[in-house]
Amino acid sequence: MRLVERESHLRTAAAYLADAAAGNGRLLFVAGEAGVGKTTFVREVARAAGDDARVTMGMCDGSSTPAPLAPLLEMLPELPTDVWPADVPRHEVFARLVAALRAPPTPGPYLLVVEDAHWADEATVDLLRHLARRVHSTRALVLVTFRPEDAPDGSSLRMLMGEAATAAGVRRLDVAPLSPAGVRSLALDSSPGVKDADLARLHRVTGGNPFFVTEVLAAGDGELPTSVRDAVLARVARLSEAARRVVDVVSIAGPRAELTLLEGLLGDDVAALDEPLERDVLRLVDGVVTFRHELARRAVAEHVPAFRRIALHRAVLDALEARAEAGRPVDPARLAHHAEEAGEPAAVVTWATQAAVRATELDSHREAVEQYRRVLRHADRRARDGVQQPGPAVHVARRRRGHAELERALLRGAGPAAGE
């Protein structure tokens with residue numbers, strides 16, 4: 001992945017490496033969401049250092065039982081042989097490492113990279129704590145990458161960062177998603193003829209995440225790339241069961257799910273929103289809950305089992321229709337979408353017709369055509385079935401009586417009762 005909009009970050013890292021060469025070491029926490037390019041960044045720092053630094057890297061293991069001090073074990077081949085002799089206590093290993101970083105065997109400083117510290121075992125966190133307090137007196141730059149969303153408040157890494165925030169040699173660097181201009185620059189590498197409207201949509205659905213951008217461009221067919229789906233679902237799988245059910249509901253509710261809507265859909269389960277919000281799977285801004293990226297929402301929504309997905313769309317449709325009946329503004333296109341996904345042709349005809357009229361009034365003729373096509377599809381279906389078209393109040397009341405209990409069960413992840 002080519003680095004875009006990271007020039008200032010690279011200059012900062014180079015300056016810290018120069019400080020380390022002069023005997024003023026630094027420990028730099030490099031923060032950023034999954035796929036934002038932290039690994040690409042630290043590898044570019046190492047490449048740019050070349051022979052002017054002694055580079056060594058170690059990875060934290062995301063398994064349920066990571067090996068203690070796994071990153072240090074990976075670094076040992078580039079460190080003096082006496083850093084970790086056999087049968088010495090842990091505190092002596094830490095002291096020997098600091099001593100080695102104070103006196104590199106070459107004129108250049110050490111450049112140590114610890115990747116994915118959000119997965120660090122307790123011994124590795126203790127090692128980082130030991131380094132943070134002493135790194136200013138070494139000739140080393142220690143880069144520590146982590147995902148803020150996977151290091152929630154109260155985790156050992158967050159506690160370490162809080163303790164080390166005022167240490168002389170500790171710094172933090174946040175790697176942000178790309179701006180629209182950054183997405184354009186990255187996209188034009190592989191798709192020189194891409195249109196401005198497509199670039200704007202690409203930024204909107206990916207949130208500027210470089211991994212998502214490159215994967216969507218590589219897919220080239222408008223479908224959700226398998227690599228993106230797998231990455232999103234792997235993150236969601238780490239949530240509790242209650243939180244995963246909440247995330248399912250939010251994904252079905254649409255790109256912008258009002259908190260008041262979710263409160264009605266989730267009932268007492270709304271408290272489970274806290275976990276995905278804390279883990280930055282979801283975000284809450286001005287009373288609206290969204291995914292970090294539209295692609296992530298799509299990946300989750302497509303993964304919801306078909307029967308439950310239909311029931312969730314019915315529940316959302318009922319809630320939005322209740323708002324409309326109460327005189328509150330609701331976009332008819334949104335209602336038409338949920339009606340179609342819920343398999344409710346009468347509701348589709350009602351709301352898609354209103355959406356088409358509204359689009360025509362706003363001179364959005366393409367959208368009007370699509371809504372009228374939606375009306376025709378579902379009107380034809382009802383005609384083939386020989387069903388007379390009821391009015392809006394009739395189909396709303398009929399559906400609510402028929403599906404209320406089933407929807408409540410499925411919102412909580414349960415299947416239909418035996419015999420249903």
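**Close-up views of a predicted model**

View 1. G35 is partly exposed, with a relative accessible area of 23% (buried is under 20%, exposed over 50%, partly exposed in between, using a 1.4 Å probe and protein chains only). You will find G35 in the loop between β1 (26-31) and α2 (38-49); helices (H or I, at least four residues) and strands (E, at least two) are DSSP runs, numbered from the N terminus. G35 and P177 are 142 residues apart in sequence, yet their C-alpha atoms lie 9.0 Å apart in space.

This is a predicted model, in which local features need pLDDT of at least 70, side-chain atom pairs count only at pLDDT 80 or more, and totals for chains, interfaces and linings use all residues. Residues are numbered from 1 along each chain as its sequence is written, and side-chain values use heavy atoms, leaving out hydrogens and water.

**View 2. An open sheet of three strands, in the order β6-β8-β7.** The pairing here is antiparallel; two strands pair if DSSP finds at least two bridges between them. β6 (257-258) and β7 (282-285) each have a single partner strand, so one side of each is left without a neighbour in the sheet. Two bridges join β6 to β8 (residues 288-291), and A257 has V289 of β8 as its bridge partner.

**View 3. Helix α5 (residues 122-134).** Its 13 residues reach 19 Å from first C-alpha to last, close to the 18 Å expected (1.5 Å times one less than the number of residues). Buried residues of α5 include V125, L128 and R129. At the helix start, a side-chain oxygen of D121 comes to within 3.0 Å of the backbone nitrogen of A123.

Terms used
A polar contact is a pair of N or O atoms within 3.5 Å; within protein, one must be able to donate a hydrogen and the other to accept it, and residues adjacent in sequence count only if both atoms are side-chain atoms.
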